[in-house]
Amino acid sequence: MNDRLQLPPLVTDLSLPYRLKTAAGKAAGLVLLMHGVGSNETSLAGFLGLLPDDVAVALVRFPIEMAPGAYSAFTVNFTASGPVIDADAAEASRQTLAGFVAELQARTGIDPARTLVAGFSQGGIMSAGLALTRPDTVAGFAILSGRILPEIAPHMATPAQLAHLDALILHGEQDDRLPVTWAERSASLLQQLGVRFEHKRYTARHEITLDMAHDFVGWVTRRLASAAA
């Protein structure tokens with residue numbers, strides 16, 4: 001999902017750096033896309049040509065620089081017993097993201113009822129973390145080959161506060177970085193919380209396939225059409 005042609009310029013005057021493709025005409029909504037660990041915002045630029053023209057799309061860069069062109073929201077080590085994260089950094093990034101979303105909504109004039117957050121791997125983790133702890137900021141979230149951090153449990157909103165959310169879980173059955181069992185755990189948690197969600201699995205590894213991309217775009221289109229209605 002990398003398209004380096006005609007990338008919007010990098011903007012650095014808000015809490016997080018981002019590239020914004022503005023909507024054509026009146027904006028139907030705002031979609032924030034977040035990258036995986038060790039990548040950057042351009043890795044999801046391929047979505048710019050797939051999402052509807054009337055949707056504003058922000059490619060967001062995480063705050064921690066790991067190397068030139070490589071960023072993360074928190075460090076993670078993949079062990080035999082599962083991922084081990086820097087929980088303090090994850091929490092700081094969650095709070096920064098919440099502030100950034102509010103700043104970008106104020107700048108674009110697009111309200112939370114028409115805002116969706118999504119991302120690949122760590123980007124999906126942060127999208128879920130924001131939506132489930134600050135549901136006042138968004139209308140829905142999508143996890144593409146990611147998971148929901150158990151560490152957000154103390155900050156989780158109530159089922160009543162989460163009732164308006166819609167979620168999407170897309171995951172490859174051959175994912176060797178975050179096994180598909182993480183998607184199953186996410187689905188189970190959302191069911192317990194009463195959050196509406198769609199859950200799809202693919203013949204894929206830790207990646208975004210074209211089928212996954214089209215299913216994500218379809219979900220965005222339906223969700224924003226519902227918001228407009």
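1. Which residue forms a salt bridge with D166? The partner is R196, and the closest N and O atoms of the two are 3.0 Å apart. A salt bridge here is a side-chain nitrogen of Lys or Arg within 4 Å of a carboxyl oxygen of Asp or Glu. The pair joins distant parts of the chain, since R196 belongs to strand β12 (residues 196-202) and D166 to strand β11, 30 residues apart. Helices (H or I, at least four residues) and strands (E, at least two) are DSSP runs, numbered from the N terminus. With a relative accessible area of 42%, R196 is partly exposed, whereas D166 counts as buried at 16% relative accessibility. Buried means under 20% relative accessible area, exposed over 50%, and partly exposed in between, with a 1.4 Å probe and protein chains only.

2. On the basis of the model: this is a predicted model, in which local features need pLDDT of at least 70 and side-chain atom pairs count only at pLDDT 80 or more, while totals for chains, interfaces and linings use all residues. Residues are numbered from 1 along each chain as its sequence is written, and side-chain values use heavy atoms, with hydrogens and water left out.

3. On the sheet: eight strands form an open sheet with mixed pairing, in the order β1-β2-β4-β3-β9-β10-β11-β12. Because β1 (10-11) and β12 stand at the edges with a single partner strand each, one side of each is left without a neighbour in the sheet. Two strands pair if DSSP finds at least two bridges between them. Strands of a sheet pair through backbone hydrogen bonds, either parallel or antiparallel. The pairing of β11 with β12 is parallel and runs over seven bridges; the bridge partner of L170 in β12 is K200.

4. On the helices that lie across the sheet strands: α2 lies across β3, β9 (115-120) and β10, at about 145 degrees to β9. Helix α5 (residues 210-228) lies across β3, β4, β9, β10, β11 and β12, at about 175 degrees to β11. For these values, axes are lines fitted to C-alpha atoms, for helices over the stretch in contact, and angles run from 0 to 180 degrees between N-to-C directions.

5. On the nonpolar cores: such a core is a set of buried Ala, Val, Leu, Ile, Met, Phe, Trp, Tyr and Cys residues joined through side-chain atoms within 4.5 Å. The largest has 49 residues, and L32, F74, F100, L132 and F141 have the most contacts inside it. At least two residues of this core come from each of β3 (29-34), β4 (55-60), α1 (87-108), α2 (122-133), β10 (140-144), β11 (166-172) and α4 (181-193). Helix α1 supplies the largest share, seven residues. A second, separate core of 28 residues includes L44, V55, I208 and L224.

6. On F141: leaving aside neighbours within four places in sequence, F141 is in contact with several residues, among them V117, A128, L132, D166, L190 and W219. Contact means heavy atoms within 4.5 Å.

7. On the other salt bridges: the whole structure contains 13. In one of them, the side chains of R201 and E184 meet at 2.9 Å, N to O. R201 lies in strand β12 and E184 in helix α4, so this pair ties together parts that are 17 residues apart in sequence. R201 is partly exposed, with a relative accessible area of 37%, and E184 is partly exposed at 35%. E91 and R94 also meet in a salt bridge, at 2.8 Å, N to O. These two residues are separated by about one helical turn because they are three residues apart in helix α1. Both E91 and R94 are buried. A network of salt bridges links R19, E41 and R61.

8. On H35: this residue is found in the loop between β3 and β4 and is buried, with a relative accessible area of 1%. A polar atom of the H35 side chain lies 3.1 Å from the backbone nitrogen of F62. Not counting residues up to four places away in sequence, H35 touches residues including E41, R61, F62, Y71 and F120.

9. On V84: its place is in strand β8 (residues 82-85), and at 44% relative accessibility V84 counts as partly exposed. Not counting residues up to four places away in sequence, V84 touches T75, V76, N77 and T79. The C-alpha atoms of V84 and T22, 62 residues apart along the chain, are separated by 37 Å.

Conventions: A polar contact is a pair of N or O atoms within 3.5 Å; within protein, one must be able to donate a hydrogen and the other to accept it, and residues adjacent in sequence count only if both atoms are side-chain atoms.
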